[in-house]
Amino acid sequence: MGRKLLSIAIGLIACLTFACGCSRVQSVPTESGEPAPSGAVVQAAATAVTMRDIADFLSEKDAHYPLSDEFIERYQQASGGYIDLAKKTAGMIVDKEKHEPNQKWHFFDSWLYPSIDDGSFDWDASAKTRVYSNLLCPELLLWIYEASGVDPAKVRAAKDVAEQGRATGVKVATIAKNMRACVPWEDIENSIVNFVPSERVTLSPDKLTLTVGESGMVTATVTTSGEAGNVTWSVTQGEYFVTVTSAGNVATVTAVAKGTATVKAECGSLSAECAVTVNAPREPSSDTSVVYEISGTTNSNKALSDESVFSALKLVGGGDGIITGVSTAYIYGGGSGGSGDNKWSAGNMFKVGTASVAGSITFTLNTNVSRVIITGYVNDTKCQIRVGDSTSTDWTDDENDGKTVTHTCTDMTVIDKDALEAGNVSTITLDFESTSSVTIATINTTSKKYPLYITAIEFVLSAEAAQ
């Protein structure tokens with residue numbers, strides 16, 4: 001044991017010596033404007049690299065690099081974390097000989113996007129804190145070092161201490177700390193700050209689902225080393241189904257008829273397309289039904305305010321509305337997921353809860369209802385929801401007072417790119433005791449939660465209210 005610990009210590013000392021020997025000293029003027037005295041070490045002002053900066057930078061990097069792949073062949077994480085996600089959710093190959101799942105997928109789809117989505121942090125968070133200091137997985141850290149163009153000798157030194165740590169059962173937090181001693185943050189930071197992204201146009205969202213009569217906004221972001229120029233918008237396919245009006249980089253797409261269309265943004269020789277699906281308007285199922293569709297929301301990593309939720313509820317089919325107020329917890333304006341060609345992003349829906357917290361929305365009504373019909377998707381058919389009287393003891397006690405109903409969503413469509421593009425929504429009908437205050441909530445009690453995506457809600461008046 002003493003020999004193994006000595007080996008780790010020697011490796012760490014080598015890292016520290018190497019890092020110190022390669023550290024840069026930048027001469028900057030003093031406060032008086034004169035150059036710093038010879039031999040003085042003056043720190044340059046730190047550049048605040050954000051999560052958006054490092055994501056844009058790493059998005060253009062390769063999925064595999066030799067040193068991180070070498071490490072994976074011997075010491076890939078066996079289970080848990082991104083490995084379980086790849087096996088059980090993403091249906092990916094898990095094979096250390098093939099270096100899969102790759103660390104680019106690990107960074108973006110297993111960690112970054114879900115963390116942004118559930119509000120763990122936002123795009124403006126510090127990359128140094130969230131990535132350099134907080135990430136612990138050795139194979140992911142090695143990939144980030146290599147993708148950032150860090151001196152291979154430093155990366156190999158970090159790989160050596162990681163391998164020594166794995167072989168001797170050192171805690172991952174300690175392994176990560178020893179790796180940081182080999183690769184200073186400044187080496188990664190400088191690569192990001194000096195990064196020039198490839199020229200491109202990106203659209204947000206790049207897929208849009210609307211109901212006839214609805215409008216949605218698409219924003220173009222132009223990345224170019226020269227003059228950006230003006231963005232022009234057009235409908236290249238399905239011009240009978242949508243119309244487009246624009247103001248600079250933002251286009252408003254209005255649904256005219258059921259069908260599919262393609263909206264194109266062009267800036268010089270650069271272009272990008274948004275696929276639009278237009279659904280027919282949903283009508284009430286009876287004279288005693290009131291339907292609301294969710295409209296005007298875009299995919300967001302921040303929970304909506306009660307006011308934003310209320311304004312997104314659009315009455316369908318004319319007549320009088322019955323919702324007078326809402327109270328919410330962890331309701332988001334859309335969602336995103338998947339990876340590569342299967343990546344998706346959607347608005348015009350409520351995402352109820354996240355993968356780590358349950359969500360709820362309570363409707364205050366001006367009349368009593370005894371049934372709701374929910375249209376939408378689920379993150380997984382394991383999603384459990386409870387619907388009914390918001391004053392029921394079911395929400396706080398084990399005792400069931402019969403005023404709510406609990407449902408496992410095995411009969412709902414799992415949300416993915418194909419389901420969204422096909423408009424393949426599902427519908428469930430839930431009955432409960434008559435009330436004028438209805439709560440819809442996800443209630444999975446395990447640490448893993450399963451969000452519900454709502455595109456429309458139909459309230460059916462109770463018998464006495466319908467008379």
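Reader: How many residues of α7 are buried?
Author: This is a predicted model, in which local features need pLDDT of at least 70, side-chain atom pairs count only at pLDDT 80 or more, and totals for chains, interfaces and linings use all residues. Residues are numbered from 1 along each chain as its sequence is written, and side-chain values use heavy atoms, with hydrogens and water left out. Buried means under 20% relative accessible area, with exposed over 50% and partly exposed in between (1.4 Å probe, protein chains only). Helix α7 is largely enclosed by the rest of the structure, because its buried residues number 10 of the 10.

Reader: Which residue takes a positive phi just after α7?
Author: Helix α7 covers residues 138-147, and its buried residues include Trp143 and Ala147. Just after the helix, a phi of about 75° belongs to Gly149.

Reader: Are α3 and α7 roughly parallel or roughly antiparallel to each other?
Author: The axes of α3 (residues 66-75) and α7 come within 8 Å and cross at roughly 170°. These axes are lines fitted to C-alpha atoms, for helices over the stretch in contact, with angles from 0 to 180 degrees between N-to-C directions. Angles under 35 degrees count as roughly parallel, over 145 as roughly antiparallel, 65 to 115 as roughly perpendicular and the rest as oblique. The two helices are therefore roughly antiparallel.

Reader: How many residues of the contact of α3 with α7 are nonpolar?
Author: Contact means heavy atoms within 4.5 Å. From α3, Pro66, Leu67, Ser68, Phe71, Ile72 and Tyr75 take part, meeting Pro138, Glu139, Leu142, Trp143 and Glu146 in α7. Ala, Val, Leu, Ile, Met, Phe, Trp, Tyr, Cys and Pro count as nonpolar, Asp, Glu, Lys and Arg as charged, and the others, Gly among them, as polar. Besides one polar and two charged residues, the nonpolar ones number eight.

Reader: Which strands are the edge strands of the open sheet of four strands?
Author: Two strands pair if DSSP finds at least two bridges between them. The sheet has the order β1-β3-β6-β5 with antiparallel pairing, and its neighbouring strands are turned by 25° against each other on average, direction ignored. Pairing on one side only is found for β1 (200-204) and β5 (242-247).

Reader: Which residue in β6 stands opposite Met217?
Author: Strands β3 (residues 215-223) and β6 (residues 250-255) run antiparallel and are joined by five bridges. Opposite Met217 stands Thr252.

Reader: How many helices and strands does the protein chain have?
Author: Helices (H or I, at least four residues) and strands (E, at least two) are DSSP runs, numbered from the N terminus. Of the 467 residues in the protein chain, 44% are buried. Its secondary structure comes to 13 helices and 20 strands.
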